[in-house]
Amino acid sequence: MLCNTLKTNGFCAKALNFYLTYIMPKITLTVNGKTHTHEVEGRLLLVHYLRDTLGLTGTHVGCDTSSCGTCTIHLDGKAIKSCSLLAAQADGSSITTIEGLAPEGELHPLQEGFKEEHGLQCGFCTPGMIMCAADLLSRNPDPTEQEIREGLEGNICRCTGYHNIVRAIQYAAQKSAVAV
Amino acid sequence: MSNKFIGKSVKRIEDKRFITGKGRYTDDIVLPGMTYAYILRSPYAHARIRSIDYSAAEAMQGVVTIMTGEEVGHYGVPCGWQVNFKNGDIMKEPPHPLLVKDKVRHVGDAVAMVVAETRELAQDAAEAIIIDYEVLPAVTDASKAVLPGAPLVHDDVPNNICFDWEIGNPKAEVDEAMASAHHITSLDFVNQRLSPNAMEPRSYIGQYDNVYDKYTLYTSTQNPHLIRLLMCAFVLGLPEHKVRVVGPDVGGGFGSKIYHYTEEALVTLASKKIGRPVKWTETRSEAFQTDAHGRDHVTHAEMGFDAQGNIVGLRIKTFANLGAYLSTFGTAVPTYLHGTLLQGLYTTPKIHLDMTCVFTHTTAVDAYRGAGRPEATFLLERLVDLAALEMGVDPAELRLKNFIPAFDGVTQPGYQTNVALQYDSGNYHSVLERGLEMLGYENFRKEQAEAAKTNKILGVGFSTYIEACGIAPSAVVGSLGARAGLYEVGQVRVQPTGKISVFTGAHSHGQGHETTFAQVVADRLGIPMEDVDIIHGDSDTVAFGMGTYGSRSLAVGGSAIVKSLDKIIEKGAKIAAHKLECSADDIEFKDGKFTVKGTDKSLSFGDIALTAYVPHVYPANLEPGLDFSSFYDPTNFTYPFGCHIAVVEIDKETGFTRVKRFIAVDDVGNVINPMIVDGQIHGGLAQGIGQALFEGVEFDENGQITNGSYMDYTMPRADDLPMFELDRQVTPCPHNPLGVKGAGEAGCIGSTPAVVNAVIDALWSAGHKVKDVRMPMTPERVWKAMQPA
């Protein structure tokens, strides 16, 4: 919160840099339904907070240009790339990661779809793909193949050629429609 | 034997952990007291290091140690394959030090390593290291690096030539055949450099235990035992039994994680030096600069035909770029994995390849999905399609005319090529005929003729490929210069309760071994799949292994497991015979039961397992226990083949090319899990199409990679690709017990030339008779090809 306030007030870049490096803002946020409070380095990225501080290593880092989507999570219900946000910026938010998408011991229809349709191979892009697809289906519960493909534009998979990822999402859409 | 699982699309066992975020990749591992390494790399492609001053960095808070070439520069990583010059001289093999102390040779060459309490502090300190460089001119193009006066990568390697090499028929015979040709199709092209881009960046953790004097290396690798062997025997001189190498879940490799990288040895050394674990994980930018690249050939090729359209000769001159240093298998890729495939599916009577392998100021080049075979396929399939256009004949007809006739390798002998290999079994006409049927070829040509009048023109491209995989017979590769054997190890441990632990030296990085191998074991023993556990990736639990690459895991690793299963069944029969009071020859094993032939007297597999471990009523002279390990060394490569057909649509206004359809009919021998095999083909197709349309590492004149990030290097995304249309033919491999050939690389080997041929076909249909559009065929390049010269 403090960080955002400083930015919006046009705080000079040098001071902001100093702040990001040396001041340890205290943040409180909810992750997968559990509230956490930590002092974090100003420059700490949200993805590193999730992985290193909270040990939620299902969220991955695949690039350094916000291009690959392996770090996709939900922040206040929307899919975001957690590498493009500071942990401090997530103060006060509610986050869902792949570990919290379904209750323990159960599978979300998308998780089931990825398994049933062989939508993954090495598994590295998978959590980000699933989190992105969950956001897509929440906005568009019955997407066409083209809409699915366009919806996945921000996520790269190097193993599957996307063929079975598209089918996995179609599977989940169908299954969710039946459930409703 | 039972038949419950083999041939079925069993859902993957490993998926559960990956879809719930519980996969465990190397960077996910945190060890007590762990430190973090950052490697300072050269920003120049070629420069002399005048001085390194790290005093300020060393004094910074949180810095544990700093290492430079002064300390570890005498250690270097080796090349695993010796290739000789045409005149018999041994290839030039300059050292590849862990850290450079004198001269950097590519952008990203490692100069210093900082180890600190956190990743950020290590990076902060690295930024405080002052290096004085004397920048020198660089060369990045292999065909230019051999010219007189080109900057030298290694001062003692004249003309930057690592070696020259040839294969095939004597050059004079090929020249004679070409001189007699009625038509010669010639083509100059570049098979551009690619970045493998496995989604998981490389990551290593070194850990040293001073109580046991034992090292552990966690590494995102395709072959943990090979890394241990190379690092212990050829780099650091450590006793192998004191080093454990663990490959946890690996997020893709595509070849790039076969090699022994300098950073693996660096974290190992550093962990002993400071007595704490050291983790290093590369950034994506570093990956572009340091993960071995693929391809990068500059080629002039000619194919000669007689008046009837029969191929009479093939003559090729290629410069292959090896990069600045020799990667583990860098020398084998343009030679034995490329030149040996130039027979393709054709009866070409005379073939000659003249290859020059060259050092440049670039990242090392090594095997990337397909490794040499895509380059061979590209060359052949481009030439055949172009020849058809030039001669005004149908490209499918031209292929069918020149294909090798079908042979099963059992009742008929294998096919001896002019480039050393003997194909095991093949039926080539039928895959193309099936592809044409799926395409609806006649209709397509009508549609194409209509489209040629519009702004959206259509083209079809064919590619009929063969590859050599299931790598490889050790004696054969040894005679060709390999410095390792290429067998595999499979151990099957039957537990007293009949549950099975299988230890394999193959190491999945996405291929689904835990499922496929379990299907084989469960069916062979007639037990449920949940009674079988596949264990891989740890040199302390798995006896030995050569790893996963060259589409070898099932053909070689699976065969090793089958050998052990055979031994278990044989021993089980002896135990059963003793208990059932008959001869072992009278026992048959079927559906999980040892039965006295022709009777209903039987014992279950579980009974025999328990008896083996509680040997109260037991044959004399038979050891207790039921646990066998086998080494399987294949007798030949396996030879999958297939037909790939691309249909493209080009927007004449913009040059934008869309792959409308992609048809693949592959023959990879017997199939254990069709779902997994299809998935392997899909992924390969995407990478092959990626090379044709999107991908390519670009260097500027100073040797900087100008597209070294995911923002700049274009890989196929979901909306760049169509749904793939797949079919399969099965010609079993005659020389391994499962009859499997391997499916990991086929998609990537066949698909690239199909797309390029389709673009060229579309351009010809609209009257633009160009021979080539350089890959990646960007809209700009395609558009330019349509403009008046």
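In β28 of chain B, Glu725(B) is the bridge partner of Ile663(B). Strand β27 (residues 657-667) of chain B pairs with β28(B) in the parallel sense, over 4 bridges. Two strands count as paired if DSSP finds at least two bridges between them. Strands (E, at least two residues) and helices (H or I, at least four) are DSSP runs, numbered from the N terminus.

This is a predicted model: local features need pLDDT of at least 70, side-chain atom pairs count only at pLDDT 80 or more, and totals for chains, interfaces and linings use all residues. Residues are numbered from 1 along each chain as its sequence is written, while chains are lettered from A and ligands numbered from 1 in the order in which they are written.

## The sheet and its helix

The sheet in chain B is open and has 4 strands, in the order β18-β26-β27-β28. Its pairing is mixed. β18 (456-466) and β28 (725-728) of chain B are the edge strands, each pairing on one side only. From one strand to the next, the twist averages 10°.

Helix α12 (residues 428-439) of chain B packs on this sheet. The helix touches β18, β26 (641-651), β27 and β28 of chain B. Its direction makes about 30° with that of β26(B). Axes are lines fitted to C-alpha atoms, for helices over the stretch in contact; angles run from 0 to 180 degrees between N-to-C directions. Residues are in contact if their C-beta atoms, placed from the backbone, lie within 7 Å.

## Domains of chain B

The domain assignment, automatic or from a database, gives chain B domain 1 (31-136 + 200-251 + 257-290), domain 2 (294-472 + 636-785) and domain 3 (487-632). The centres of domains 1 and 3 of chain B, taken over C-alpha atoms, are 40 Å apart.

Their contact takes 14 residues from domain 1 of chain B and 13 residues from domain 3 of chain B. On the domain 1 side, α7 (224-236) and β11 (243-246) of chain B each give two or more residues. α7(B) gives the most, with 4 residues. By class, this side has 7 nonpolar, 4 polar and 3 charged residues. Ala, Val, Leu, Ile, Met, Phe, Trp, Tyr, Cys and Pro count as nonpolar, Asp, Glu, Lys and Arg as charged, and the others, Gly among them, as polar.

## Where chain B meets chain A

Here 42 residues of chain B are in contact with 40 residues of chain A. On the chain B side, the elements that give two or more residues are α1 (15-19), α9 (284-290) and α18 (674-693) of chain B. α18(B) gives the most, with 7 residues. The chain B side divides into 18 nonpolar, 14 polar and 10 charged residues.

Notes
Two residues are in contact if their C-beta atoms, placed from the backbone, lie within 7 Å.
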